[in-house]
Amino acid sequence: MVRSQVKLSCKNITADVIGEEHGITDAQLKALAGKTLPLILKLNKERKAGETPYRDLPVRTDISKQVKALVNEIKDDCENLVVFGIGGSALGNIALQTALNPYMYNLDDRQRTGPRLFVFDNIDPPQLCSFLDWLGDGLDKTIFNVISKSGWTAETASQFMIARQLLLDKLGPDGYKKQIITTTDANEGILRDITDDAGCRSLVVPDGVPGRFTVLSAVGLFSAAMCGIDIDSLLTGARDMDTRVSCEDFYKNPAAINAAINYHYYNHGKKISVIMPYSYHLKDMADWYRQLWAESLGKSRDLDDNKVNIGPTPVRALGTTDQHSQVQLYREGPNDKLFTFLQVNNFDRDIKIGPAPDCAPELEFLADKKLSELLNSEKKATEYALLESKRPCLTVLFDRVDAYTVGQFIYLFEVTTSFAGALFNINPYDQPAVELGKEATFALMGKTGDEYEEFARQIQSLTKVDENFLV
Ligand code: PA5
């Protein structure tokens, strides 16, 4: 059976469509191919040498086996699955759930194929309190999946400590041990120590894979499989995309082309990269991409230690919602953006628009049409309007949104990020600026040690509200 491939449509970035001032000419594309080709070879070589272990997640059957075994063990007794995690330890989980389960999954038992899923990727007190109020006595039917690669992240650690105390108070040590599942480093970190101490069940964040590249590991697969998502198809999609993004012909490699186009525009005054899905299912994939792109590519130094302060700014928009919020700016504001639309040809559900009321014959043109036709027409209309204003537009085409195509999309954008990192000559796999913020939080929260105390003093003096500047 020929399965549907996610494709990147690139015509509307060309000079033929939007003119030479803003479009890419044949000569420029050729130059990009020349620059990118050696990087395809380099990335393939690094991958073979085991230097980019995220690339092999789709073939790690050991991980999916372990995840499925755990799901089988606990699913029948679990009515609520709570994920505690942040950044790369949560955004993929949210994105998979929105993409592959129905909108009313949590609320409608008939649409639910697993436990309700709640992903807390923030530490807002009223939010968590409201949830715990709702949960009430349901602790024994609730699994808390605490995800942290480092084990050190203050947000996740504090969420865990709240849940731990609740479980110990209400269900005792056995209940605590039973209802917590950790996902963390195999050998190191506080969360691993806690896991060993509690004797609770645990999954592993694979070695050498930065958080934002872990969605196809136990980090993302466990909550997905618990909620009935077909993780085998997800991984098959990623594997099939792997063949395409490893291709050593630049013109046939969608990740290399995608990265090269983004790189070109960054260097030609379009430093903002807008991703705009026309599908509610894909809405949170845009958030996942935003983190992947920002944290991987926003760097102060290149690989030769030159100060570069580089990185495209990823922006998420949603069609059609943001047509009524952002498109005025996108068309008439500065021409400093590259647009990437996500378009779906076939929706898993569709609905017809009803007839026009007799008093409103002007609405007849909408009558009896499918809502998907309106949504996709709006996408084309927006793209047309942007092209009229000479704004470059890419489109990622999904024949349909299912686990197989979502697996392809995830892998396509992960490898695009690696190519973009290579083109910008930066390390896309670290996040030193995020680490500083984490350390600063520890200092402010009273972590002991001379260096933290001094650090806290520095932060307080810089962030103290100064009455002279208060208006
Ligand atoms: O991509 C990353 O590395 C980060 O976004 C991390 O996922 C995030 O900071 C959470 O870190 P941890 O999983 O160590 O708690």
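This is a predicted model: local features need pLDDT of at least 70, side-chain atom pairs count only at pLDDT 80 or more; totals for chains, interfaces and linings use all residues.
Gln 460 is placed in helix 16, and its C-alpha lies 49 Å from that of Thr 61, a residue 399 positions away in sequence.

Helix 16, which spans residues 450-463, meets helix 15, which spans residues 432-444, with axes that come within 8 Å and cross at roughly 100°. Helix 15 is therefore roughly perpendicular to helix 16. Helix 15 contributes Leu 436, Glu 439, Ala 440, Phe 442, Ala 443 and Leu 444 to this contact, while helix 16 contributes Tyr 452, Phe 455, Ala 456, Ile 459 and Gln 460. Sorted by class, the residues in the contact of helix 15 with helix 16 are 9 nonpolar, 1 polar and 1 charged.

Gln 323 counts as buried because its relative accessibility is 19%, where the cut-off is under 20%. The side chain of Gln 323 makes a polar contact of 2.6 Å with the side chain of Tyr 278. When residues up to four places away in sequence are left out, Gln 323 touches Met 276, Tyr 278, Leu 318, Glu 378, Lys 379 and Thr 382.

| Residue | Relative accessibility and class |
|---|---|
| Gln 323 | 19%, buried |

Terms used: Residues are numbered from 1 along each chain as its sequence is written. Side-chain values use heavy atoms; hydrogens and water are left out. Axes are lines fitted to C-alpha atoms, for helices over the stretch in contact, and angles run from 0 to 180 degrees between N-to-C directions. Helices (H or I, at least four residues) and strands (E, at least two) are DSSP runs, numbered from the N terminus. Angles under 35 degrees count as roughly parallel, over 145 as roughly antiparallel, 65 to 115 as roughly perpendicular and the rest as oblique. Contact means heavy atoms within 4.5 Å. Ala, Val, Leu, Ile, Met, Phe, Trp, Tyr, Cys and Pro count as nonpolar, Asp, Glu, Lys and Arg as charged, and the others, Gly among them, as polar. Buried means under 20% relative accessible area, exposed over 50%, partly exposed in between (1.4 Å probe, protein chains only). A polar contact is a pair of N or O atoms within 3.5 Å; within protein, one must be able to donate a hydrogen and the other to accept it, and residues adjacent in sequence count only if both atoms are side-chain atoms.
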